Amino acid sequence: KIALQLKLHARPSAQSLAMVTVIGSGAMIGKTGMETNFLLPGGPSAPNPALRGAPPAGARGSRMTGSAPSGAMGGLAVVAAVAGATICRAAAVKKKGVKVVHGKEIPWNLFSPKAPYQGKVVANDFHPQTLTEPTGDANWETTHVTFDHGGKVPYIEGQSIGVIAPGPDKKGEQPAKIRLYSIASSAVGDDQSSKTVSLCVKRVVELDGKFSNRAKGEDKPDKAGTAFPENEVYRGVCSNHICDMTPGDEVLITGPTGAEMLLPEDPEANIIMLATGTGIAPMRSYLRLLFHDKAGAAADGGRKFKGIAWLFMGVPYSKSLLYDDEHQTYKKEYPDQFRYDYAVSREDKNAAGQKMYIQTKMAEYAEELWELMQDEKTHVYMCGLKGMESGMAECFGPIAEKNGIVWTEFAKAMKKADRYHVEVY
């Protein structure tokens with residue numbers, strides 16, 4: 001009581017009032033129609049509405065305005081508000097299914113391995129399930145698979161979900177441990193209903209290697225008709241589970257998770273994307289939002305995104321190119337904003353006769369890319385094989401040195417500024 005009386009007679013500080021003002025606009029989760037919107041406090045940390053669209057006015061928390069209250073009742077109001085705000089802030093940090101990243105609430109682990117969401121496989125909105133053509137390699141197949149989550153597993157571009165296969169896995173566990181997959185669809189899904197999520201999954205098949213889960217004579221044709229009865233075969237448990245799915249099948253989903261690969265909020269940001277194989281998944285999710293979905297459309301008929309998006313994709317064979325039709329469409333429709341280059345390592349060579357890897361292709365544009373990276377609005381996204389990072393050093397080390405800069409230090413500075421995003425495996 002004594003403490004409360006002291007607070008009643010104390011004039012509220014500017015800091016206290018500021019806290020009430022900020023919390024008054026509260027971080028919250030709201031729903032508009034079928035789409036779950038993760039809304040943020042107003043102020044500098046709020047997302048620029050240009051890329052993803054502003055939430056409805058009624059959905060925003062109200063901001064307190066006006067001068068500070070005076071007298072005992074006014075002091076009580078401020079104390080109560082500050083106390084309540086503090087409690088709200090503490091609760092927001094611990095809120096289930098939410099993570100705060102750079103002041104922004106994003107969906108986070110709404111479903112766990114012990115309590116997954118049971119979704120259903122549905123037909124793809126456009127693509128066939130198998131995206132690639134046989135190349136002669138055992139693991140030639142990459143698929144595009146879509147799950148209906150009924151709007152219960154909201155996510156944003158750049159995140160991942162987990163899938164639980166029946167098993168047994170390498171350790172004999174049933175069900176198998178979850179496998180994380182980068183999401184290949186934008187937040188609204190391929191059908192833009194906000195009720196589906198799509199994955200880009202390579203079927204793992206290894207012949208006569210260290211591990212096998214099928215002895216000679218045991219391997220049966222998969223959904224694509226591929227079989228290797230004359231070999232000892234290891235088939236990736238989760239990848240084959242997903243690649244063999246058919247519309248109507250049930251699937252156990254965890255997540256969403258992941259904050260490393262999120263898009264910048266600035267609609268004028270530049271985005272350099274490097275992807276090998278299925279590392280194209282998060283890049284596709286970005287490009288669907290930036291150049292395809294209604295969510296990314298501006299009122300004037302253009303796009304909310306005003307920057308440059310430059311994609312470099314690496315695959316072993318031209319038959320392994322993923323979503324090439326979509327990329328060619330964006331290149332045709334948005335020539336001033338979208339650039340697309342690919343490296344086919346087992347078919348193409350550069351002028352020096354070297355195999356064409358991503359870093360080899362990027363070297364052709366090294367000066368232009370280096371200049372673009374000097375812009376504080378430029379972000380680099382890398383997803384795929386672990387060697388990609390050393391490829392960046394190989395490509396930009398010499399040009400950095402020429403400019404009196406050590407590439408590794410420059411990359412660290414970009415990462416510290418949240419402009420260098422890496423997800424490799």
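Reader: Between which two elements is the loop of Tyr323?
Author: The model is a predicted one. Strand 14 covers 309-315, and helix 7 covers residues 324-333. The loop that holds Tyr323 lies between strand 14 and helix 7.

Reader: Is Tyr323 buried or exposed?
Author: The relative accessibility of Tyr323 is 3%. The cut-off for a buried residue is under 20%. Tyr323 therefore counts as buried.

Reader: What is the phi of Tyr323?
Author: Most residues other than glycine have a negative phi. Tyr323 is not a glycine, yet its phi is positive. The value is near 60°.

Reader: What is the phi of Asp418, and how does the relative accessible area class this residue?
Author: Asp418 sits in the loop between helix 11 (407-416) and strand 17 (420-424). Although not a glycine, Asp418 has a positive phi of about 60°. With a relative accessible area of 31%, between the cut-offs of 20% and 50%, Asp418 is partly exposed.

Reader: How many residues of helix 6 are buried?
Author: Helix 6 has twelve residues, 280-291. The buried ones include Ile280, Met283, Leu287 and Phe291, and also Arg284, Ser285 and Arg288. Helix 6 is largely enclosed by the rest of the structure, because the number buried is twelve of the twelve.

Reader: What span should helix 6 have at 1.5 Å a residue, and how far apart are its end C-alpha atoms?
Author: The expected span is 1.5 Å times one less than the number of residues. For the twelve residues of helix 6 this gives 16 Å. The distance between the end C-alpha atoms agrees, at 16 Å.

Reader: At roughly what angle do the axes of helix 6 and helix 7 cross?
Author: The two axes come within 11 Å of each other. Helix 6 passes helix 7 in a left-handed crossing. The axes cross at roughly 35°.

Reader: Which residues of helix 7 meet helix 6?
Author: Helix 6 brings Ile280, Arg284, Leu287, Arg288 and Phe291 to this contact. By class, the contact of the two helices has four nonpolar, one polar and three charged residues. On the helix 7 side the residues are Glu326, His327 and Tyr330.

Reader: Which element gives the largest share of the largest nonpolar core?
Author: This core has 30 residues, and Met273, Ile280 and Met283 touch the most other members. The elements giving two or more residues to the core are strand 13 (270-276), helix 6, strand 14, strand 15 (338-344) and strand 16 (378-384). The largest share, eight residues, comes from helix 6.

Reader: Leaving aside neighbours within four places in sequence, which residues is Met283 in contact with?
Author: Met283 is one of the residues that touch the most other members of the largest nonpolar core. With those neighbours left aside, its contacts are Met261, Met273, Leu274, Ala275, Leu311, Tyr381, Met382 and Cys383.

Reader: How far apart are the C-alpha atoms of Val201 and Ile242?
Author: Val201 is found in strand 9 (residues 196-202) and is buried, with a relative accessible area of 1%. Leaving aside neighbours within four places in sequence, its contacts include Tyr181, Ile242, Cys243 and Thr278. Val201 and Ile242 are 41 residues apart along the chain, and their C-alpha atoms are separated by 7.5 Å.

Reader: Is Lys223 buried, partly exposed or exposed?
Author: Lys223 is in the loop between strand 10 (205-207) and strand 11 (233-235). Leaving aside neighbours within four places in sequence, Lys223 is in contact with residues including Gln129, Arg203 and Cys243. Lys223 and Cys243 are 20 residues apart in sequence and 7.5 Å apart in space, C-alpha to C-alpha. The relative accessibility of Lys223 is 43%, so Lys223 counts as partly exposed.

Reader: What are the omega values of the peptide bonds from Gln174 to Pro175 and from Gly255 to Pro256?
Author: Most peptide bonds are trans. Pro175 is placed in the loop between strand 7 (160-164) and strand 8 (179-182), and Pro256 in strand 12 (residues 250-257). The bond from Gln174 to Pro175 is cis, with omega near -5°. The bond from Gly255 to Pro256 is also cis, with omega near 0°.

Key: Residues are numbered from 1 along each chain as its sequence is written. This is a predicted model: local features need pLDDT of at least 70, side-chain atom pairs count only at pLDDT 80 or more; totals for chains, interfaces and linings use all residues. Side-chain values use heavy atoms; hydrogens and water are left out. Helices (H or I, at least four residues) and strands (E, at least two) are DSSP runs, numbered from the N terminus. Buried means under 20% relative accessible area, exposed over 50%, partly exposed in between (1.4 Å probe, protein chains only). Axes are lines fitted to C-alpha atoms, for helices over the stretch in contact, and angles run from 0 to 180 degrees between N-to-C directions. A crossing is left-handed if the near helix is turned anticlockwise from the far one by less than a right angle, and right-handed if clockwise. Contact means heavy atoms within 4.5 Å. Ala, Val, Leu, Ile, Met, Phe, Trp, Tyr, Cys and Pro count as nonpolar, Asp, Glu, Lys and Arg as charged, and the others, Gly among them, as polar. A nonpolar core is a set of buried Ala, Val, Leu, Ile, Met, Phe, Trp, Tyr and Cys residues joined through side-chain atoms within 4.5 Å.
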